[in-house]
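Hi,

Here is the structure I promised to pass on. Have a look at it first, and then read my notes below.

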Amino acid sequence: MDMRVLRYNGIVTSMDSAMTRYEAIGTEEGKIVFLGSSREGLAQSWDQTTDLGGAMVLPGFNDTHMHLLHYAMFRRNVPLFGVKTIDEVVDRCKARIQAERPDYLIGMGWNQETMEEGRLLTRADMDRISTDIPVCMLRTCIHIAACNSVMLERIRALKDVDPEVMALVDFEKGILRENAARLYMDVLPQADDAYVRQLITEGQRALNAAGITCVHSDDLMAIAGMDPIRLIGIFREMEADRALTVRVYEQCLVEPEDFERLKGVRSDPADRTSFFRTGPRKLLQDGSLGAKSAEMVDGYVDDRDNHGIPIYTEEELLRRVKAAHDAHMDVAVHAIGDLALKKVCDAVEGAEQANPWPDHRHGIVHAQTTTPALLDRMKALGLQAYIQPIFIDADMNIIAQRVGEEHAKDCYNWKAMEDLGLRVSGGSDCPVEPFDVLDNMRSAITRQNRAGDKTYLPEQALTVEQAVRLFTSDAAWPSRDEGVRGTLELGRQADLVVLDQDLFAIDPATFPQVKVLETVLNGITVYHA
């Protein structure tokens with residue numbers, strides 16, 4: 001039931017252009033209907049009044065690039081984030097097998113750069129876990145996976161796998177790279193609707209507890225055997241059943257043969273209110289720095305002839321970008337290396353020259369390795385950047401080793417992007433990193449690792465206001481929602497987060513200790529501490 005609710009005696013920070021602050025905020029029927037002093041607010045009639053006790057209210061947090069279903073799925077299996085040794089990976093997996101006797105085992109989160117052995121996991125390591133059931137452990141970037149012999153034999157037996165994809169499987173070492181890192185999904189039992197609903201429910205509960213009211217999520221190819229168009233249907237059915245507690249703007253990753261079907265079920269681009277909407281077409285052009293598969297103009301410091309692994313030829317990329325562009329559907333393209341970024345710029349330029357669409361909001365997911373010239377080009381082409389400040393926590397240790405000291409100065413240049421007037425929004429790429437918005441903000445402002453003992457390019461640090469905007473007002477733009485949410489203004493959608501401390505009054509290094517007290521979506525409380 002929708003009620004008139006007043007929250008008063010707080011620090012209501014609107015994030016409007018003037019950074020106006022209020023003491024009280026009133027909501028009704030999913031909209032903000034009052035902003036002002038506590039006294040003015042309490043003089044009106046409300047169904048419910050809540051004393052905030054000095055707590056801070058901000059627009060609900062957004063995460064503009066993550067993988068909701070992958071997160072929920074890996075949380076159920078074996079999370080390997082932060083493991084220090086290969087023995088630890090093996091022990092964790094064996095313990096799960098002993099406790100639950102599963103038919104297969106998947107996990108994610110290992111990173112050889114932070115493990116004692118300093119090498120990729122191999123088939124021999126995975127065979128120590130089990131020689132009876134299929135085992136697949138994905139690196140933290142999801143661009144590399146290590147499999148045991150059982151999994152490899154089942155992959156070898158798969159029918160109709162593109163030979164180019166199969167060529168990315170190292171059967172001797174048990175390593176899958178890039179597009180081959182999805183092959184494990186074809187071996188697993190195929191998911192049903194109930195399983196997917198459960199994953200969405202578990203995932204959104206955790207998002208709400210982190211103050212998040214909107215995610216841009218890449219899910220359509222996350223679940224083995226789940227048709228992407230059916231998955232869109234499941235999200236819509238959950239919304240109709242009032243079972244969605246987070247706005248989902250889907251970054252639609254589909255095979256080219258499914259693109260026409262996607263166009264047939266896409267959301268109305270003018271829809272500003274549905275909790276689930278299809279957003280841009282998601283494409284991937286390269287891999288990751290950690291896997292040495294990001295496409296780099298000058299290759300890698302210790303391997304100059306390795307220019308990374310392109311997912312598409314330039315012609316294929318242009319064709320895919322153009323198909324979306326011509327349908328007036330934005331694209332969000334994963335590009336980590338500078339060569340990949342250049343290729344995406346070329347493709348967008350080609351699509352725009354052939355068929356001008358001045359209102360496009362095409363974007364680069366990650367945009368990690370740039371140059372001043374590439375940033376200028378992004379600006380000229382109207383490309384936005386979906387950035388993940390928290391990535392520097394892991395990458396500051398390897399970036400110079402990968403690209404060299406000089407080029408490392410062009411990486412994660414968020415202030416340069418802001419100064420140029422590029423549209424920039426913040427995400428986590430969860431489950432690659434946790435969707436802890438406050439920790440992400442800390443990273444953007446301090447440019448330090450979590451331990452606080454290492455700093456990376458401090459001159460590229462953002463202000464507190466810029467960092468908060470990445471996850472609030474600036475994050476409404478990519479989904480064309482800047483007129484209806486992202487700030488606390490009269491008539492806007494009532495998406496709020498209540499925090500126990502004022503982010504503008506404390507040391508940004510302590511942001512991760514700030515507690516989320518309440519999360520409100522469309523005027524309804526979806527989380528309460």
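Predicted model: local features only at pLDDT ≥ 70, side-chain atom pairs only at ≥ 80, totals over all residues.

As a reminder, an α-helix has 3.6 residues a turn, so residues three or four places apart point the same way.

Is K282 buried or exposed? K282 counts as buried because its relative accessible area is 2%, under the 20% cut-off. You'll find K282 in strand β17 (residues 276–284), and its side chain makes a polar contact of 3.0 Å with the side chain of D218. Leaving out residues up to four places away in sequence, K282 touches H65, D218, Q251, C252, L253, A332, H334 and V365.

E23 sits in the loop between β3 (21–22) and β4 (24–28). With a relative accessible area of 41%, E23 is partly exposed. A polar atom of the E23 side chain lies 2.9 Å from the backbone nitrogen of S38. S38 is also one of the residues that E23 touches, again not counting those up to four places away in sequence; the others are R7, Y8, N9, G10, V12, G36 and S37.

**Cavities and a pocket**

How many cavities of 30 Å³ or more does the structure hold? There are two:

- The largest cavity has a volume of about 60 Å³. Its lining consists of P59, G60, N62, T213, R485, G486, T487, L488, Q493 and D495, which by class are two nonpolar, six polar and two charged residues.
- The second largest cavity has a volume of about 30 Å³. H366, A367, Q368, I387, Q388, P389, F391, Y412 and W414 line this one, giving six nonpolar, three polar and no charged residues.

Of its 18 lining residues, R242, F275, L521, N522 and I524 lie nearest the centre. The lining of this pocket has seven nonpolar, six polar and five charged residues.

Cheers

How values were computed:
Residues numbered from 1 in each chain as written. Heavy atoms only, no water. Helix = DSSP H or I, 4+ residues; strand = E, 2+ residues; numbered from the N terminus. Buried < 20%, exposed > 50% of the residue type's maximum accessible area, 1.4 Å probe, protein only. Contact = heavy atoms within 4.5 Å. Polar contact = N/O pair within 3.5 Å; in protein donor to acceptor, adjacent residues only side chain to side chain. 1 Å grid on protein atoms, 1.4 Å probe; cavity = no way out; pocket = protein on both sides within 12 Å on 5 of 7 lines; lining within 4 Å. Nonpolar A, V, L, I, M, F, W, Y, C, P; charged D, E, K, R; others polar. Points joined across faces, edges and corners; volume = space filled by probe spheres on them.
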